[in-house]
2 protein chains.
Amino acid sequence: MASVESETVSETTGRGTPAGRSTTTGRGTTTGRRTTGRRERLRAETTAEIKKVALELMASGGPDAITLRAIAREMGMTANAIYGYFATRDDLVTALVHDVYTALADAVDAAWEATSGQGPADRIRAWAHAFRDWSLANREGFRLIYGDPVPGYRAPEGGAAPEAARRVCTGLAGLADAAWPQAAHLYADSEFDWPDFDAGLLDKVRPAFPDLPPAAVALALRIWGHLHGLVSLEVYGHLRTQTVSPDKLFREELAAQLRSLGLASGR
Amino acid sequence: MASVESETVSETTGRGTPAGRSTTTGRGTTTGRRTTGRRERLRAETTAEIKKVALELMASGGPDAITLRAIAREMGMTANAIYGYFATRDDLVTALVHDVYTALADAVDAAWEATSGQGPADRIRAWAHAFRDWSLANREGFRLIYGDPVPGYRAPEGGAAPEAARRVCTGLAGLADAAWPQAAHLYADSEFDWPDFDAGLLDKVRPAFPDLPPAAVALALRIWGHLHGLVSLEVYGHLRTQTVSPDKLFREELAAQLRSLGLASGR
DNA sequence: TGCAGAAACTATACGCCGTGAAGTTTGCAC
DNA sequence: GTGCAAACTTCACGGCGTATAGTTTCTGCA
């Protein structure tokens, strides 16, 4: 189920000086412990609590419920106090997107690792089900990551989301890698070449899977699209107004996908 | 390009009596024209203008920019005046969702009709490209329909969206119908049965395509998922941080889809 | 033709929201 | 023990949806 916990910091400082930078590391007088660390520890704890409360609010009221004032209320603070930790509401949301996306990536990676001894079909099935299961168990998190997170939010250039997305895509490249021996011949006519992909993605994918051609990375992105589409329609409630068996649909999708990859649909 | 124009009414009345119901049709004194119609005409025009302004605001500032106050400002009115036409902001948004979704359905239907003489592969390609082209040309509309439209919006039970979605799904059933002669044998082991689908959907699909089995409807929904996923990732900017060629990806997706449907990929 | 009444609209107000500016407390470092 | 910065509060602004009440304008009928 991979609950969402946070460790990223990405903080800002109070007005005035650029702080969080208690330059000297003075020693405590009597305890022998670095007294310097205390404030920083409190700061880290408060930062973590802000994010924790924000995620709780999100879980119960959707991404829209993430408001500085509500968080502050919950923590017994003033809304403005949060500005000591995040320069702006969007910065907070960006940090949350990072944490939540990381939790998703952890969940699918774990499913992949857990099936390391099995065949490609079973591993791909496990990955895909982990993706869907996480998304349905964390619908609000899914909407935070992939939808319009919060009223006026605009993601920063190149921020947390693309980074985490690349991690997920690297996992998908692993699926393509596993399927490639059987599937390669189907994509011989792919027009993709390395320059078609983002450099940041290739930096992760090519070292991990040195033998994989561009066509396989394109395949990974297409699989991402398939899974994302079905899950997204389900999370946003568009699918349940058409069928009462979205899970059956997902399973048939997987079967068809595996078949079209040339993998025995076994099981 | 199928611009979004509106004709739905879905209005409410001012406080007090349930109006919009000028019961008697009195005749004008001198002109011979029914004077009764005047107010209703003005009313319809104002309703249309509200929606038009709302769509303009959405096009320029995203769904978030749809605020009663902004619309009123644009129209030289007070925000509260809008309550004479829509009981609530969500009602307005619901009307907009209906109009925009209808525009999307019109666009894909038109592409389908325009290729009525051609083979299934070409028709499916045309439909899919119309879907993507409309979505990219109306990104904000796509987000309005498929995302979280506006801060606190919750779609009404069974409202405009499922209805329009069913129309799109019926179009998709047309694709499945076109492909079915070649593709049927691939889905012989489908576990879908009629009760798995929403009755409202079947009411539209089964009369239109009497020979289509449940498996084909499931196929239609899966194709919807494929296309929606890729386009959704693209509209929300998740794809462009991984590849610079989302269009190439979409074309390869279509080629693979057609191949997996047993349709010659011929172009 | 005049008038009751309804429809359309405005004014005011409330409680939310993000955020800026300025003031106050607290605790660490010297 | 004193100075300074970090942490926090208070006050303020403008924007939001919307409820209530008041005002204008048009219409249908006597």
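Visitor: Which residue does D106(B) form a salt bridge with, and how far apart are the closest N and O atoms?

Guide: D106(B) forms a salt bridge with R167(B), and the closest N and O atoms are 2.6 Å apart. A salt bridge here is a side-chain nitrogen of Lys or Arg within 4 Å of a carboxyl oxygen of Asp or Glu. This is a predicted model, in which local features need pLDDT of at least 70, side-chain atom pairs count only at pLDDT 80 or more, and totals for chains, interfaces and linings use all residues. Residues are numbered from 1 along each chain as its sequence is written, chains are lettered from A and ligands numbered from 1 in the order in which they are written, and side-chain values use heavy atoms, with hydrogens and water left out.

Visitor: Which parts of chain B does that pair tie together?

Guide: D106(B) lies in helix α3 (residues 89–114) and R167(B) in helix α6 of chain B, so the pair ties together parts that are 61 residues apart in sequence. Helices (H or I, at least four residues) and strands (E, at least two) are DSSP runs, numbered from the N terminus.

Visitor: How accessible is D106(B), and what about R167(B)?

Guide: D106(B) counts as partly exposed at 38% relative accessibility, and R167(B) is partly exposed with a relative accessible area of 25%. Buried means under 20% relative accessible area, exposed over 50%, and partly exposed in between (1.4 Å probe, protein chains only).

Visitor: What does R167(A) pair with?

Guide: The side chain of R167(A) meets that of D109(A) in a salt bridge (3.0 Å, N to O). D109(A) is in helix α3 (residues 89–114) of chain A and R167(A) in helix α6 (residues 160–183) of chain A, so this pair ties together parts 58 residues apart in sequence.

Visitor: Which chain A residue meets K248(B) in a salt bridge?

Guide: The partner of K248(B) is D196(A), at 2.9 Å from N to O. D196(A) lies in the loop between α6 and α7 (199–208) of chain A and K248(B) in helix α9 of chain B, so the pair joins two chains.

Visitor: Are D196(A) and K248(B) buried or exposed?

Guide: D196(A) is buried, and so is K248(B).

Visitor: Turning to the interface, what area is buried between chain B and chain A?

Guide: About 4500 Å² is buried between them, of which carbon and sulfur atoms give 53%. Buried area is the accessible area (1.4 Å probe) that two parts lose on being put together, summed over both. D148(B), R222(B) and Q242(B) supply 15% of the area that chain B buries against chain A, more than any other three residues.

Visitor: How many residues are in contact?

Guide: In chain B, 51 residues are in contact (heavy atoms within 4.5 Å) with 51 residues of chain A.

Visitor: One more topic: where is R123(A) found, and what is the nearest side chain of opposite charge?

Guide: R123(A) is found in helix α4 (residues 120–137) of chain A. R123(A) is buried yet has no salt bridge, and the nearest side chain of opposite charge, E113(A), is 5.0 Å away. For charge, Lys and Arg count as positive and Asp and Glu as negative, while His and the chain ends are not counted.
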